[in-house]
Structure formats: structure tokens, C-alpha cells
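Please keep the sequence and the structure open while reading them.

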Amino acid sequence: MWIRELAVAGQDAEEPRVASEHEKEKALSTANSIFSALNRYSKLTGLVVCGKRCDSVGIPALSSSLNLSLGRIKQSFVLTDPHLPDMPIIYASDAFLSLTGYSREEILGCNCRFLNGPGTSVEVLEQINQHICSEQACTVHLLNYRKGGSSFRDLLHISPIRNASGKVAFHVWVHLDEGAKYDFNGLTPEVWQLGAVGAVRVAVRSLSASGSLLRPSQ
């Protein structure tokens with residue numbers, strides 16, 4: 001019963017009108033310019049800036065089946081779409097929202113850099129970018145910031161997630177606050193993170209084989 005209710009709820013956000021490709025590109029270009037300016041302001045002033053961005057503008061809606069599968073994964077993670085400008089977040093777990101203090105509405109459509117601040121290593125960010133461009137997984141230690149401005153040592157694992165045909169569909173970013181206490185059930189933090197990656201990979205591959213990654217009307 002609750003699965004059916006989630007599927008019905010997932011249809012409530014359907015848009016009555018589909019924007020043209022030109023309108024989508026223009027809106028994304030404007031939004032990206034605004035966020036670039038906000039992030040430059042953040043680096044210059046030391047203030048953490050995160051704006052709200054509507055996930056209905058050029059951001060694909062995941063299917064109810066995929067949302068349900070991802071919702072069962074308890075680790076803190078987000079999915080980003082490498083095929084869209086600025087690789088925006090298209091899914092965020094409840095644990096990630098608890099870790100960072102942001103609401104889901106505030107971060108869907110944003111690039112993961114909104115977590116960065118004055119103490120974030122540029123060299124590590126470049127390392128992340130290189131691995132993403134080469135479609136390789138990486139694990140890094142990074143100083144990131146919550147919505148309230150407090151920092152945390154982030155053990156971050158990033159991995160490409162391929163669909164059933166072998167093409168990269170998403171990137172998963174698994175975040176772990178190194179200063180917090182967790183029950184890893186005897187596993188190392190790195191292996192615990194890989195468990196989340198494996199669960200996301202299984203969900204994406206199984207559903208991509210049936211063509212149900214995205215909401216049909218997108």
C-alpha cells in the first residue's frame with residue numbers, strides 16, 4: 001500500500017506546460033551565471049552562500065521506483081547528472097540533509113560546490129574534477145560547510161554510476177563527517193561508503209534496463 005502511495009505522490013509535481021529547449025537553455029544559462037557570482041562572493045567574503053533553484057527548470061525528475069529504491073539507502077549521499085550544465089544534484093538522501101542542514105528544495109539543481117567555503121582545498125577540488133572527467137572513482141578528505149556555517153571534515157567518495165548499457169548516468173557523492181560517531185557494523189568507513197555506492201548502482205542498473213529511471217512525461 002505505501003509503495004502505491006509513494007508512486008501517486010511522485011506524480012503531483014507534474015508541470016502543466018513543457019518548456020522549449022531554447023527556454024530551458026536560456027533559463028539554465030541565467031541560473032548558472034547567478035550561482036557563479038554567488039560562489040565568487042562566497043570565496044571573497046568567507047560567507048557560505050547557497051541560493052534556491054527550482055528543480056523543474058531543466059532538471060529531470062527521477063521515477064517513483066528509483067526514488068523509492070534510493071530512499072532505502074541510509075547513508076549520506078547525493079546523485080548528480082553529468083549530462084546537464086554544471087552537473088546539478090538531482091537526488092539527495094535524508095541523511096545528507098541531516099548532515100548539512102539544508103532542505104531538499106534548497107539543493108536540488110545546485111552543484112555540490114555549495115558545501116565549499118574559505119577552508120576548502122582548491123587542490124582537492126581539482127583532483128575531484130580530474131577523476132570525474134576521466135569517469136573514475138575517488139576518495140578524498142575535504143573541509144566542507146553546513147548551512148549554518150559550521151565546518152566538518154568530509155570523507156567524500158565519488159563514483160560514476162553506469163546504466164544497463166554501460167554509459168555513465170550519474171555520479172554518486174557519499175559524504176561522511178569524520179568528526180561524528182557512527183556504527184559501521186565492524187566495517188571501515190571506506191567500505192561502508194562503498195556499500196552505498198553498490199546499492200545505488202544496483203538500483204540504477206536494474207531500473208535502467210526497464211527504462212524507468214526518469215518520470216515518463218519529462
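1. Overall make-up. The chain has seven helices and five strands, where helices (H or I, at least four residues) and strands (E, at least two) are DSSP runs, numbered from the N terminus. Read from the N terminus, the order of the elements is α-α-α-β-β-α-α-α-β-β-β-α. Of the 218 residues of the chain, 43% are buried; buried means under 20% relative accessible area, exposed over 50%, and partly exposed in between (1.4 Å probe, protein chains only).

2. Basis of the values. This is a predicted model, in which local features need pLDDT of at least 70 and side-chain atom pairs count only at pLDDT 80 or more, while totals for chains, interfaces and linings use all residues. Residues are numbered from 1 along each chain as its sequence is written, and side-chain values use heavy atoms, with hydrogens and water left out.

3. The annotated segment. The UniProt record, an unreviewed entry, places the feature "domain: PAS" at residues 89-109. UniProt positions are given in the numbering used here, feature names are shortened, and annotations may be inferred rather than shown by experiment. Over residues 89-109 the chain is 52% helix and 19% strand. The end C-alpha atoms of this segment are 5 Å apart.

4. Salt bridges. How many salt bridges are there by this rule? The count is five, a salt bridge being a side-chain nitrogen of Lys or Arg within 4 Å of a carboxyl oxygen of Asp or Glu.

5. Asp86 and Arg113. These two residues form a salt bridge, and their closest N and O atoms are 2.8 Å apart. The pair links distant parts of the chain, 27 residues apart: Asp86 is in the loop between β1 (77-80) and β2 (89-92), and Arg113 is in the loop between α5 (104-107) and α6. Asp86 is partly exposed, at 27% relative accessible area, and Arg113 is partly exposed too, at 28%.

6. Asp94 and Arg104. Here again a salt bridge is formed, with 2.8 Å between the closest N and O atoms. Asp94 is in helix α4 (residues 94-100) and Arg104 in helix α5, 10 residues apart. Asp94 counts as exposed because its relative accessibility is 54%, whereas Arg104, at 27%, counts as partly exposed.

7. Lys147 and Glu106. The side chains of these residues meet in a salt bridge (2.8 Å, N to O). Lys147 lies in the loop between β3 and β4 (151-162) and Glu106 in helix α5, so the pair ties together parts that are 41 residues apart in sequence. Is Glu106 buried or exposed? Glu106 counts as buried, because its relative accessibility is 10%. Lys147 is partly exposed, with a relative accessible area of 41%.

8. Cysteines. The structure holds zero disulfides, a disulfide being a pair of cysteine sulfur atoms within 2.5 Å. Cys133 counts as exposed, at 61% relative accessibility, while Cys138 is buried, at 6%.

9. The second largest pocket. A pocket is an open set of points on a 1 Å grid over the protein atoms alone, where a 1.4 Å probe fits, with protein on both sides within 12 Å along at least five of seven lines; lining residues have an atom within 4 Å of a point. The second largest pocket holds about 450 Å³ of space; grid points are joined across faces, edges and corners, and a volume is the space filled by probe spheres set on the points.

10. Lining of that pocket. The second largest pocket is lined by 18 residues, and Asn111, Arg113, Asn116, Leu125 and Trp173 lie nearest its centre. The elements giving two or more residues to this lining are α6 (122-133), β3 (138-145) and β5 (168-177). Of these, α6 gives the most, with five residues. By class, the lining has 10 nonpolar, five polar and three charged residues. Ala, Val, Leu, Ile, Met, Phe, Trp, Tyr, Cys and Pro count as nonpolar, Asp, Glu, Lys and Arg as charged, and the others, Gly among them, as polar.

11. Gln127 lies in helix α6 and is partly exposed, at 31% relative accessibility. His141 has its place in strand β3 and is partly exposed, at 43% relative accessibility. The C-alpha atoms of His141 and Leu156, 15 residues apart along the chain, are separated by 6.2 Å.
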